[in-house]
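Trainee: Hi, could you walk me through this one? I'd like to start with how its strands are assigned.
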Amino acid sequence: MNKMARYLLIEDERIIYEDMKRMMDRLRPDYILAGWATGVEQAVVLVEGGNIDLILADVRLSDGLCFDIFSRISVDIPVIFTTAYDEYAIKAFKVNGIDYLLKPVEESDLEAALCRYEHRQLTLSGSSDMKKLADDYIVKPCKSRFSVQVGDSCMSIAAADVAYFFSEDKYTYLCQFSGKQYIINYTLEQLEKLLDANMFFRVSRNCILNIGAFQKSTRYFAGRLRLYVKPEFHGDIMVSRSRVNDFLKWIDGTL
């Protein structure tokens with residue numbers, strides 16, 4: 001992502017500020033916290049400083065209401081309001097409000113608000129940077145099954161039933177956990193984009209592995225890993241040194 005979204009947190013209670021920042025770090029680790037304001041005066045200074053893409057603001061602050069900020073300076077920045085009171089909702093949407101979250105803020109509600117912000121930016125700007133940002137967080141459907149030819153017949157195989165895909169002699173094969181193999185009309189490059197990344201990983205140039213087929217790995221020459229899978233593969237499966245870290249994160253569920 002070329003452009004990281006920079007956000008300002010306006011919240012006068014430290015505990016709530018820390019909770020909001022923790023949720024933002026989990027939901028959008030590539031967003032940058034541009035500043036933290038506890039009151040109107042401090043917020044005005046930070047907003048006037050510029051370079052802010054999004055504001056998350058509590059309504060009631062130590063020195064007034066956050067609406068005082070927008071009455072003092074012209075602000076064209078989307079705002080996600082957070083408050084324990086629902087009486088300000090109408091006013092919030094008159095000052096660039098894109099969502100109004102009641103405290104205590106649920107992570108699922110914040111996620112929905114962030115998605116709304118990203119869709120809004122994509123619609124307004126049409127820029128490739130914001131499109132990439134939205135694409136990162138819009139869940140895309142993964143390929144769940146494959147059609148294979150068996151003689152004159154055609155059958156469907158669920159992706160979850162595939163132990164691994166491999167390429168050989170210009171053909172791509174899928175191998176089921178049962179050991180049966182079929183030719184499919186996809187390249188490994190295409191499959192890498194279509195498959196569920198939590199379930200499948202491109203372990204080598206010629207193999208994409210299902211986590212359920214992985215048995216163990218052993219250290220090998222030049223920092224590589226040798227994999228043992230089930231059903232057994234007819235050759236060696238080696239994870240290159242440059243892929244080892246990502247592979248270990250994948251089997252740990254943290255990639």
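Mentor: Happy to. Strands here are DSSP runs of at least two residues, numbered from the N terminus. Bear in mind that this is a predicted model.

Trainee: Okay, is Thr83 buried or exposed?
Mentor: Thr83 has a relative accessible area of 1%. Buried means under 20%, so Thr83 counts as buried.

Trainee: What is Thr83 in contact with, leaving aside its neighbours within four places in sequence?
Mentor: The partners are Asp58, Val59, Tyr100, Leu101, Leu102 and Lys103. Of these, Leu102 in E7 stands opposite Thr83.

Trainee: And in which sense do E6 and E7 pair?
Mentor: They run parallel, with 5 bridges between them. Strand E6 covers residues 79–83, and E7 covers residues 97–102.

Trainee: Why is E7 described as largely enclosed?
Mentor: Because 5 of its 6 residues are buried, the rest of the structure encloses most of strand E7.

Trainee: Zooming out, how many helices and strands does the chain have?
Mentor: There are 8 helices and 17 strands.

Trainee: How much of the chain is buried?
Mentor: Of the 255 residues, 40% are buried. As for the surface, the chain exposes about 14,300 Å², and 49% of that comes from carbon and sulfur atoms.

Trainee: What about contacts between residues 24 or more positions apart?
Mentor: Those pairs make up 49% of the contacts in the chain that have a separation of 6 or more.

Trainee: Changing topic: how many disulfides are there?
Mentor: The count is 0. For reference, a disulfide is a covalent bond that joins the sulfur atoms of two cysteines.

Trainee: Where do Cys142 and Cys154 sit in terms of accessibility?
Mentor: Cys142 is partly exposed, at 39% relative accessibility. Cys154 has a relative accessible area of 54%, so Cys154 is classed as exposed.

Trainee: Back to the surface. Which residues form a nonpolar patch?
Mentor: Ile211, Leu248 and Ile251 do, and together they have about 190 Å² of accessible area.

Trainee: Where is Leu248 found?
Mentor: In helix H8, which spans residues 244–252. Leu248 is at 32% relative accessibility, so the label is partly exposed. Patch members need over 30% relative accessible area, and Leu248 is one of the residues in that patch.

Trainee: Thanks, that helps a lot!

Terms used
Residues are numbered from 1 along each chain as its sequence is written. This is a predicted model: local features need pLDDT of at least 70, side-chain atom pairs count only at pLDDT 80 or more; totals for chains, interfaces and linings use all residues. Side-chain values use heavy atoms; hydrogens and water are left out. Buried means under 20% relative accessible area, exposed over 50%, partly exposed in between (1.4 Å probe, protein chains only). Helices (H or I, at least four residues) and strands (E, at least two) are DSSP runs, numbered from the N terminus. Two strands pair if DSSP finds at least two bridges between them. Contact means heavy atoms within 4.5 Å. Accessible areas come from the Shrake-Rupley method with a 1.4 Å probe; for residues, only the protein chains shown count as cover. A disulfide is a pair of cysteine sulfur atoms within 2.5 Å. Patches are made of residues with over 30% relative accessible area and no salt bridge: like charges are joined within 9 Å, nonpolar side chains (Val, Leu, Ile, Met, Phe, Trp, Tyr) within 5 Å. A salt bridge is a side-chain nitrogen of Lys or Arg within 4 Å of a carboxyl oxygen of Asp or Glu.
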